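Here are a few notes on the charged pairs, plus one surface spot. Have a look at the model first, then read on.

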Amino acid sequence: MNVLKLTPFPTQDKEKPLNHGRFEPYVDNGGTVLSVAGKDYCVVAGDTRMSDGGYGIQTRKYTKIFQLTNKCVIATSGMQADTLALQKKLKVMLDHYQKENGKVMSTPAIAQFLSNTLYYKRFFPYYTFNLIAGIDEEGEGCIWTYDAVGSHEKVKYSSQGSGNQLVIPLLDNQVAKFNQLLPEGPKDVPLDQVVSFVKDAITSAGERDIYTGDYADIVVIDKHGVRWEKFELKLD
Amino acid sequence: MYRNQYDSEIVTFSPTGRIHQVEYAMEAVKQGGSGVALKSNKFAVVVSLKRSSSELGSYQKKLFVVDDHIGILISGLTADARVLCNYMRNESANYKYVYESDIRVERLVTKVADKSQVHTQRYGRRPYGVGLLVAGYDQLGAHIFQTCPSGNFYDYKAISIGSRSQSAKTYLEKNFEGFATCTLEQLILHGLRALRETIPNNDTGLNSKNVSIGVVGENYPFTLIEEEATLPYLNMLESDEPVEMQVN
C-alpha cells in the first residue's frame with residue numbers, strides 16, 4: 001500500500017550556511033558630472049550626492065571635482081573610494097613631474113598620464129568614470145572623457161555617471177547642434193550663458209535620476225585660474 | 001691631510017679611533033661653493049654662492065626644492081647631492097601620501113643621515129661626498145639642519161658650509177642673537193652679508209648671476225629667488241650701512 005508520507009524537512013539544508021557569495025570589491029556611489037568647453041574656458045559641473053549603491057544617501061556634500069593644476073581639473077563619478085585613490089596618485093605624480101621638469105604638467109600631458117594610470121590596472125580597474133577639463137598650452141578649452149580602463153578621447157563636451165544618459169543627449173543637441181530641425185548658425189557663446197546652460201543640464205539630471213541631487217559644484221577654468229561655485233539642487 | 005696607513009678602506013678604523021675615509025669625504029664638502037643658512041621664528045632662509053666652471057659655462061645649481069615646506073642647499077659632489085635630493089623628495093612625497101600631512105623636517109633629515117651612515121659601514125661603498133643645509137618649516141617652527149657624509153646631522157640657528165665658510169660663521173656668531181625676531185627681508189640681508197664674507201678679495205662679488213636665495217616659512221612654501229628676483233635684495237645690500245638691528 002502506498003502511503004502518502006510527509007517527509008520531514010531536510011535538516012541538512014538548515015545546517016548549511018547561507019551562501020554569502022564572493023567579496024564584492026566595487027560599489028557605485030552614483031552621481032553625475034558634465035563639462036562643456038568654450039574657446040578659452042571650460043565649465044564643469046558635478047553633483048555632490050554620494051549614495052550607498054541603493055536607495056540610501058551617505059552624504060549630500062561630497063565633491064566629485066578635484067583640482068590638479070591651475071589649468072586643469074578632474075571630475076569623476078563611480079566609486080568614490082577608487083576616485084580618492086586615483087586623485088592621490090595623480091597628485092603625487094604631478095608634484096614629482098613639476099620638481100623633475102621645473103614646470104607644471106600641461107593638461108594634454110595629464111590627460112595621457114591618466115589614461116596610462118587607468119590602464120595599469122587593466123585587470124582590476126579603478127571603478128571610475130573620469131572627465132578631465134582644462135586649458136591646453138594654447139589657451140583653448142579642452143575636455144577628455146574616459147572609460148574605466150583608460151580609453152580616452154578629446155571632446156568639446158562630455159558627461160559621465162548615473163545621469164549621463166539623461167545629460168548627453170541634451171549636450172549633443174545644444175552644444176554640438178546635432179539633430180536640430182531648425183539649425184542655428186554657429187556662434188561664440190559667452191561664458192555666463194554656458195554656465196547657465198550647464199546649471200540647467202545638471203538640474204534636469206537631478207530631476208529624473210535618483211542618484212543625482214543635493215548640491216552641485218560649478219567650476220570654471222580659464223586663463224585667470226579655477227573658480228568654484230556652489231549651486232543648490234533638489235534634496236529629494 | 002696626510003696619507004695614513006689606515007685610510008685606504010672605509011671599513012678600517014685608525015688606531016686613534018677615526019675613520020679617515022669619512023673625514024676625507026667631509027673634505028669634499030669643505031671644498032664646495034659656500035652657502036649660508038639662518039632662521040627666525042617664522043622663516044628659514046638659505047643663501048648660496050654659485051660657481052661656474054668658466055665664463056662660458058652656467059652657474060652650478062645649489063638650491064633644490066624638496067617639498068612645499070623643505071628645501072636644501074648642497075655643498076660638495078653635485079651628483080651625490082642630486083641622489084640625496086631625489087631620495088628626500090620621494091620620502092617626503094610618500095609620507096604625504098600615506099599620512100596626508102607634511103613630514104617633520106627632523107624626521108626627513110634623520111632618514112638622510114641614516115642612509116648616509118650605511119655608506120660608512122659597508123665594504124665597497126663610499127660615503128656621499130656632499131653636505132646639505134636643510135631649511136624647513138613644520139608644526140614645530142622653522143628649522144635649519146646640516147647633514148654630513150659621516151651620517152651625523154646637526155640642528156642650527158645659523159650656519160655656513162663650503163669654502164671660506166669660517167668668515168661667514170664669524171659674522172653669524174656676532175649677529176645671531178637678533179635673528180629670531182628679524183623680518184624676512186632683514187634675514188635675507190644678514191644671509192647675504194654673511195655670504196659676502198666668503199668671497200675672496202680678487203673676485204667679482206655678489207651679483208644676480210652667482211647668488212640664489214631660498215625661503216620657507218609660515219604660510220610660505222619653499223620658494224627659490226634667482227637671477228633678476230635677487231636684485232632688490234642685492235641693491236639693498238649695496239645701499240645698507242652695517243647692521244641696523246630693527247625689531248618688528
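1. Start with B:Asp80, which pairs with B:Arg126 in a salt bridge, the closest N and O atoms being 2.7 Å apart (a salt bridge being a side-chain nitrogen of Lys or Arg within 4 Å of a carboxyl oxygen of Asp or Glu). This one ties together distant parts of the chain: B:Asp80 sits in helix α2 of chain B, and B:Arg126 in the loop between α3 (105–118) and β5 (130–138), 46 residues apart. Helices (H or I, at least four residues) and strands (E, at least two) are DSSP runs, numbered from the N terminus. B:Asp80 is buried, at 8% relative accessible area; buried means under 20%, exposed over 50%, partly exposed in between (1.4 Å probe, protein chains only).

2. A caveat: this is a predicted model, where local features need pLDDT of at least 70 and side-chain atom pairs pLDDT 80 or more, while totals for chains, interfaces and linings use all residues. Residues are numbered from 1 along each chain as its sequence is written, chains are lettered from A and ligands numbered from 1 in the order written, and side-chain values use heavy atoms, leaving out hydrogens and water.

3. B:Glu226 and B:Lys50 also meet in a salt bridge (3.4 Å, N to O). The two are 176 residues apart, in the β10–α6 and β2–β3 loops of chain B. B:Lys50 is buried at 8%, whereas B:Glu226 is partly exposed at 26%.

4. Over in chain A, A:Asp95 and A:Lys91 form a salt bridge (3.6 Å, N to O). Both lie in helix α2 (residues 80–101), 4 residues apart, about one turn of the helix.
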